[in-house]
Each structure stands twice: as C-alpha cells, then as structure tokens.
Amino acid sequence: MAEIRIDLDTLPTPEQAAFVEAAVRNSFRVSAFDWQSDGVTITHEDTDSTDAMAAMARRFTFIAKNIDKDLVFHNDVPIRFTDDPQPELERRRDVIPIEPGFYSFQGDVLRVLHALNHSVQKMAAEFDAVEQEHPAVWPVRLFKMIDYFREFPQQMILCAPVKDDFKSRSEFSKRFGNDADFETVPMDELMADAKYGLQPAVCDCCYYTLEGAKNLQNGFYTTANRVFRNESSATNQLDRLTNFTVRDIMFVGNEEFVLESRQRIIERLSKFLTSLGVNAKIETANDPFFANESAMKSVFQNVHRLKYELLAYIPHLDKEIATGSINLHTDFFGRAFNIEASDGSVAHSGCIGVGMERMTYALFCQHGADLKDWPHPVLSFLGLDA
Ligand SMILES: [Zn+2]
C-alpha cells in the first residue's frame, strides 16, 4: 500500500470526485480516495506507477472542474450604458439594414467585428490550431450523414438552380423579368432539385473532411465563415440575424483530449470576456447539442454538460443574448463520419464558437455607440487604440 497526495484549491462536488475516482480506478488499483478541502489522498497498490497515477489524477481533477456546474463564469462588471445604440449606428451608416435579418456593416462596427475575429483567431493559434477555410454551402450528403433535416428542419435554407434545359430557362427568364409582378420565387416545376444548402454551422465541414480517417492525431482546428439560419429578429435588431459570422475553434481526438481541451478553452474564453470588459456569463444551455444514446451510457458523460453558452447582457432589452457556445459532441461526428483517433477509439470532438455580429452588438450596447467612450484597456486589447 502507498499513498499519493494531490493539492486542490477547493473541495470538488460529489459528482466531480466520482468522475475523477472512476477514471483513476479504471487504470490503477486504488483502495481509497480521501477528499479534503485542500487536497486528496489516494491509497493504492500500484507502487510502480505512482507518477503516472498522480499525473492522471491531476489531469482529471482539472477536467472535472466544471462538469456539474451550471454557471461556469460570470464577468459581473457594472453596466455604464443603457440606451439602444442601433439608431446611432444606423444614422452614421456603420449598420445599414438590407432586409429583416440582413445588414451591411462598415466603419467602427466593422472594425470591432474584424478585431474580435482576429482575437479569437489568436486564441486558436495558442492551441496550435490548423487554420481552415470551408465552403459556405454543404452538399445534401453532409446534411444526411448527420441527420440534420430530421433534427432541425426549421433552420434549413436549401439552394436550387433553374432546371438545366432551354424551355425552363426561357420560361423562367420571361416570368421573372423586372416588369413582372412578383416578390418571391416559387420552387415550382422550373426549378431543379436542391443538391446543397446554406450551412447552418461552421465546424461540421471540418469533421466531414476527416471522413474515414484512421490513426487521427489529437488536434485543434479553426475557421471563420458565414452561417445561415431561417430566423430573424422580431424587433428588426442585431440580436438575431439570418446570416452571420462565426469563428470556431474545434478539437478532435480521443475522449480525454477533447474533455481536457474543452476545459482549457473555457478558462481561456473566461479571460477573453474579462479583457472585453463585457458583462457576460458562461452557463449551461437548455438546448444541448444532440445527445446521442452512447453519451448516456458512459460513466463520464452523464455528469457532463454537453453545451454551454456565452451569454452577454443587453441593457436596453434587459435580457441576455447568446454570443457564443461551447459544445461537446461526444463521438457523434466520429461515428457519423467514421473517424478513428490514434488510440483506435471512435474520435470525439468539441468546439467553441463566437458569433461576431452578436458579440459586436453586445459591446456597443454595453460600452456605448461611440468608441471614444469605450474603456481604454478594451480598445487596446482589440488593437483599436491607435
Ligand atoms: Zn462548432
């Protein structure tokens, strides 16, 4: 019998302790865990592998930090501005309405949007993420492989061309000249079948391109792109758009790597929100990413939160809006696309995504319509102080 002592900052919850115990007991012969507020003592019979056991217990204690917490982080800074900034942003044409749910951006709004994208991109670089660029449309095959049409028909926007024959093309061009009376175009006999659709998320193409991979090394990826959802704001504001920009950081590999990466990124994102001086939270979402059956079977996963949201407070609406999310997909994409991690297991994956328009909107709502009023450290963090 031997003992290992690991120091802790706080006493873990019973669920967190059970998670660490299950993981360590899986690999080592442990007779007892004794949890105290400042540390844990592990009594064991594996005297040859003390170091490996201590390393594993430390790693899983880190992974377990948030597993049964609903509120992971709250940057509860005072609110300085309570007015709706949008009228002023539209007046100076930083925001130009096109249609409900569609806007053009320029000026300071666009500068902030680009700076946010760049700062999440820099965060990805700290994890040595591979930068990727994907198409903004998905083939129907991709939608089918992840059963998207069944799960989210309300969000779909499919694309279809005019039929590839002279009769359809000439009839179409006659019917829809600018002298004709129409406001929408019916999907009728002149139109061909949809072979692709506008992408509703930025990261799925990353997993799609890994289809059939064997011996995939644990790794990070990042991409920014436009996503499309069949929705728009009830009040015609920037809080809900049909077409918006998201930067994701994805992590793909074995289960331990994915859980550990998520915890590392949650801590990094908390620092990011602090640097933005934004009143925001990281909290469990009510609509988890699809929890497939295998997720429920695992001893690890029943205490994990599958989805967290980055919620920013919008003072003039007196409500919080989701400006990003942290998702654990378990082995959903690994199974859908037959991806095998380097240890031979089905690959797990997770991602964090930051919605650029919504985060930009939250910053203008909280810091004011004029960059002159923004806290200097925030401008300097975004590289906008020059
Ligand atoms: Zn994602």
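Me: In the hairpin of β14 and β15, which residue takes a positive phi?
Reply: Asp318 does, with phi near 45°, and that hairpin has four residues between the strands. The model is predicted: local features need pLDDT of at least 70, side-chain atom pairs count only at pLDDT 80 or more, and totals for chains, interfaces and linings use all residues. Residues are numbered from 1 along each chain as its sequence is written.

Me: In what sense do β14 and β15 pair, and over how many bridges?
Reply: Strand β14 (residues 307-314) pairs with β15 in the antiparallel sense, over eight bridges. Strands here are DSSP E runs of at least two residues, helices are H or I runs of at least four, and both are numbered from the N terminus. Two strands pair if DSSP finds at least two bridges between them. Within this pairing, Leu310 has Gly324 of β15 as its bridge partner.

Me: Which other strand pairs with β15?
Reply: Strand β16 (residues 348-355) pairs with β15, again antiparallel, over six bridges. There, Asn327 has Cys351 of β16 as its bridge partner.

Me: Is β15 largely enclosed or open?
Reply: Strand β15 (residues 319-330) is largely enclosed by the rest of the structure, because nine of its twelve residues are buried. A residue is buried if 20 or more other C-beta atoms, placed from the backbone, lie within 10 Å of its own, exposed if 12 or fewer do, and partly exposed in between.

Me: Changing topic, where is Ile282, and which residues does Ile282 touch?
Reply: Ile282 is in strand β13 (residues 280-284). Leaving out residues up to four places away in sequence, Ile282 touches Val72, Phe73, Ile266, Leu269, Ser270, Tyr308 and Leu310. Contact requires C-beta atoms, placed from the backbone, to lie within 7 Å.

Me: Is Ile282 buried or exposed?
Reply: Ile282 counts as buried because it has 23 C-beta neighbours inside 10 Å.

Me: How is the chain divided into domains?
Reply: The domain assignment gives domain 1 (2-66) and domain 2 (71-135 + 200-381); such bounds come from an automatic or database assignment. The centres of the two domains, taken over C-alpha atoms, are 32 Å apart. Eight residues from domain 1 and eight residues from domain 2 make the contact.

Me: Which helices supply the domain 1 side?
Reply: Helices α1 and α2 each supply at least two residues of the side of domain 1 that touches domain 2.

Me: Which residues of α2 are buried, and what do they pack against?
Reply: The buried residues of α2 are Met53, Ala57, Phe60, Thr61 and Ile63. Seen down the axis of α2, these fall within an arc of 155°, so they line one face of the helix; the arc is that of the directions from the helix axis to the C-beta atoms. They pack against β1 (2-7), α1 (14-27), β3 (39-44) and α9 (255-275).

Me: Which exposed residues does the face turned away carry?
Reply: That face of α2 carries the exposed residues Asp51, Ala52 and Ala55.

How values were computed
Two residues are in contact if their C-beta atoms, placed from the backbone, lie within 7 Å.
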